[in-house]
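The following questions and answers examine how terms are applied to a protein model. Each answer sets a value against a definition.

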Amino acid sequence: MAAMSTKSCSQALTVLLVILHVFVSNSYAGSIVVYWGQNEGEGSLTAACDSGRYRIVNIAFLSQYGNGQTPQINLAGHCDPRSRGCVNLSTDIKHCQSKGIKVLLSIGGADGNYGLSSDADAGKVADYIWNNFLGGQSSSRPLGDAVLDGVDFDIEKGGSHYDTLARKLSQYSQRGKKVYLGAAPQCPFPDQFVNGALSTGLFDYVWVQFYNNPQCEFTTSNPNAFRNSWNKWTSSIQAGQFFVGLPASKAAAGDGYVSTGDLINQVLPFVKKSAKYGGIMLYDRFEDIKTGYSSKVIGSV
């Protein structure tokens, strides 16, 4: 067998290095998560998914449930669920899922009338979510026949009995399609409303809100406040992946906005050291359209 020429060796090495670079880059690539549903100016769910920027979309919010209430989803000006006006979203949801994008139902939010009065109440809410948004059956599914991929806990009031809700929703995974669980705790640890649920160890995704909480936000003058908080979250909570939750613009939160340059040069190099790093979460799609935040950072996430 003839010896390989120097030129051939060089070409083979170049190809090998390119393959290695692609492998390493993909190994550490994160995802962008976005909230959609609270501003009709953000456009359709299909358009959000077709942008190519997001791997997970949280439909926000199921803002009324518990205490014997009939659960109610609120999608601002997008559609009116009370008149069955949101059922056509099933087409958008299926379109997103066909592109490999997970679509979760976000429950709670900053406003709304929600809370769980007991474990039995939590069980009833879990049953409702399963039958009306996930793999169950109901004649009154608000978003049509699309089967969402899971549930996001954005709980900002009355945090009791959410551990029971998480366990019950997780149990439904045994019926076929996995029910993914996500949570959006505030960055001060532990979160006063969702800590019980997170302590179950059942969550696939935790997108920590590093905004509206100056004591643990990223700032160039005190980056260790953020770093210490990130380390506390990733070392204390058993979950699949952790995400840096950020406002997509200065207008999207009271404080905590991080410039794209600081995110790329200071925040991401630090958080990517964690084996549990999943990417970033942005609030929300409407603000992201205005600033183009995700498009500026997607190559670095």
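Predicted model: local features only at pLDDT ≥ 70, side-chain atom pairs only at ≥ 80, totals over all residues.

Q: What makes K178 a charge that sits over the ring of Y180?
A: A charge sits over a ring if NZ of Lys or CZ of Arg is within 6 Å of the ring centre and within 35 degrees of the ring normal. The charged end of K178 is 5.1 Å from the centre of the ring of Y180 and sits over that ring. Likewise, R227 lies over the face of F270, at 5.6 Å from the ring centre.

Q: Which cluster does Y180 belong to?
A: Y180 is linked by ring pairs with Y205, W207 and F243. Rings of Phe, Tyr and Trp (its six-membered ring) pair if their centres lie within 6.5 Å; planes under 30 degrees apart count as stacked, over 60 as edge-to-face and the rest as tilted.

Q: How many aromatic pairs does the structure hold, and why is the pair of Y128 and F133 called edge-to-face?
A: The structure holds 15 aromatic pairs. In the pair of Y128 and F133, the ring centres are 6.2 Å apart and the planes stand at 65°, so the pair is edge-to-face. F189 and W233 also form an edge-to-face pair, with 4.9 Å centre to centre and 85° between the planes.

Q: What does the pair of F189 and W233 tie together?
A: F189 lies in the loop between strand 7 (180–183) and helix 6 (195–198), and W233 lies in helix 7, so the pair ties together parts that are 44 residues apart in sequence. Helices (H or I, at least four residues) and strands (E, at least two) are DSSP runs, numbered from the N terminus.

Q: Are F189 and W233 buried, partly exposed or exposed?
A: Buried means under 20% relative accessible area, exposed over 50%, and partly exposed in between (1.4 Å probe, protein chains only). F189 has 29% relative accessibility, so F189 counts as partly exposed. W233 has a relative accessible area of 1%, so W233 is buried.

Q: How do you know that the buried residues of helix 8 line one face?
A: The buried residues of helix 8 (residues 260–271) are L263, V267, L268, F270 and V271. Seen down the axis, these residues fall within an arc of 150°, so they line one face of the helix. The arc is that of the directions from the helix axis to the C-beta atoms.

Notes:
Residues numbered from 1 in each chain as written. Heavy atoms only, no water.
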